[in-house]
Amino acid sequence: MRILCVHAHFDDYEFAVAGTFERWRQKAGPDFRARFLVCTDGAGGHQFRPRAETARLRLKEQMDSAQIGGFELEVLRLPDGEVPREASLQTEPGLLAALWRAIREFEPDYLFCPPVPSEPLSGVHVDHLGVAEAVRKVAYLINVPHAFTPEYPADETRSRFCKTPVIINAFDGYQYGENSYDLAVDIDPVFAKLSQMYYCHRSQLQEWLPWVARHAIKAPESLDDWTRQLRERFLRRNQALGIQSNHPVEVFTVTAWGTIPTLEQLQTDFPELLAEACHFNLLEERLRRWHALG
Ligand SMILES: [Zn+2]
């Protein structure tokens, strides 16, 4: 079992999937692999550190978190070797080619990424939207072996079949509650570890995010202080999503961008789902319709 999170920034792994990935790792066997593919250079988001310093620091913070969380970290490189610039991510052939190559190389069973908003009133972060749109657009091409051989030359007479993953959208905070979801995972059993992973991103939690004043984060004084704030954030989100639980929960939406799963497959593969918060009936109906058309 391989699961891949494709997201925009250093720290989006923690904001979107880290609790579920950790529970998945604990449940899975020894051949389990989890990877975070980050698609921008991390240089842009700071108010007093120069860009190059910010980029170096944020990579280091993410590497520290990966060490705690036991997941692999990869930074996306475009065909010309450059890492895409933060605050500028757009779907263009180079980005699609780079994603195609990185996804084919890891060949995940499940790919997690941000959603494409369906509600025009919802907010976006340009890089989150860029990743969401690019993953959606590249999804069909994952098993098209010659799609990007101009960028990545290969023997075009002998192609390897590459499995297309099930593609799942994670919750995106920039949409301010305009997120629907299908599946909910109780991450309380791994919450302490999740908080520790988040807390590696000190240049964000203590410096940038309080300053930019869009995320209701007060610079945490300690790991304990952050753990308390983080739990409150999750509980506020539960309330906004109508989830009747006093445990922190991560939520996900199943797309038809990649391979279409069955509900049974999702229930078998995912870590234990919080059944009372999942929208199984709606999801099953949607999956059945997609399968019928497939
Ligand atoms: Zn982000």
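Trainee: In β7, which residue is the bridge partner of aspartate 186?

Mentor: The partner is valine 249. The model is predicted: local features need pLDDT of at least 70 and side-chain atom pairs count only at pLDDT 80 or more, whereas totals for chains, interfaces and linings use all residues. Residues are numbered from 1 along each chain as its sequence is written, and side-chain values use heavy atoms, with hydrogens and water left out.

Trainee: Why are β3 and β6 called edge strands?

Mentor: The open sheet has seven strands in the order β3-β2-β1-β4-β5-β7-β6, with mixed pairing. β3 and β6 (183-186) each pair on one side only. Strand β3 (residues 72-75) is joined to β2 (residues 33-38) by four bridges, in parallel, and leucine 37 stands opposite glutamate 74.

Trainee: What makes the β-α-β unit of β2, helix α3 and β3 right-handed or left-handed?

Mentor: With the strands pointing away from the viewer, a clockwise path from the first strand over the helix to the second is called right-handed. The unit of β2, α3 (residues 51-69) and β3 is right-handed.

Trainee: Why is the site of the zinc ion called irregular?

Mentor: Its donors (N, O and S atoms within 2.8 Å of the metal, or 3.2 Å for Na, K and Ca) are His9 (ND1), Asp12 (OD), Asp12 (OD) and His128 (NE2), at 2.1 to 2.3 Å. Water is not among the atoms, so sites may look incomplete. Four donors are tetrahedral if all angles lie between 85 and 135 degrees; four are square planar and six octahedral if opposite donors are over 155 degrees apart and all others between 65 and 115; anything else is irregular. The angles here are 57 to 139°, and therefore the site is irregular.

Trainee: How do you know whether leucine 96 is buried or exposed?

Mentor: Buried means under 20% relative accessible area, exposed over 50%, and partly exposed in between (1.4 Å probe, protein chains only). Leucine 96 lies in helix α4 and counts as buried because its relative accessibility is 12%. Histidine 9 and aspartate 12 are buried as well.

Key
Pairing = 2+ DSSP bridges. Helix = DSSP H or I, 4+ residues; strand = E, 2+ residues; numbered from the N terminus.
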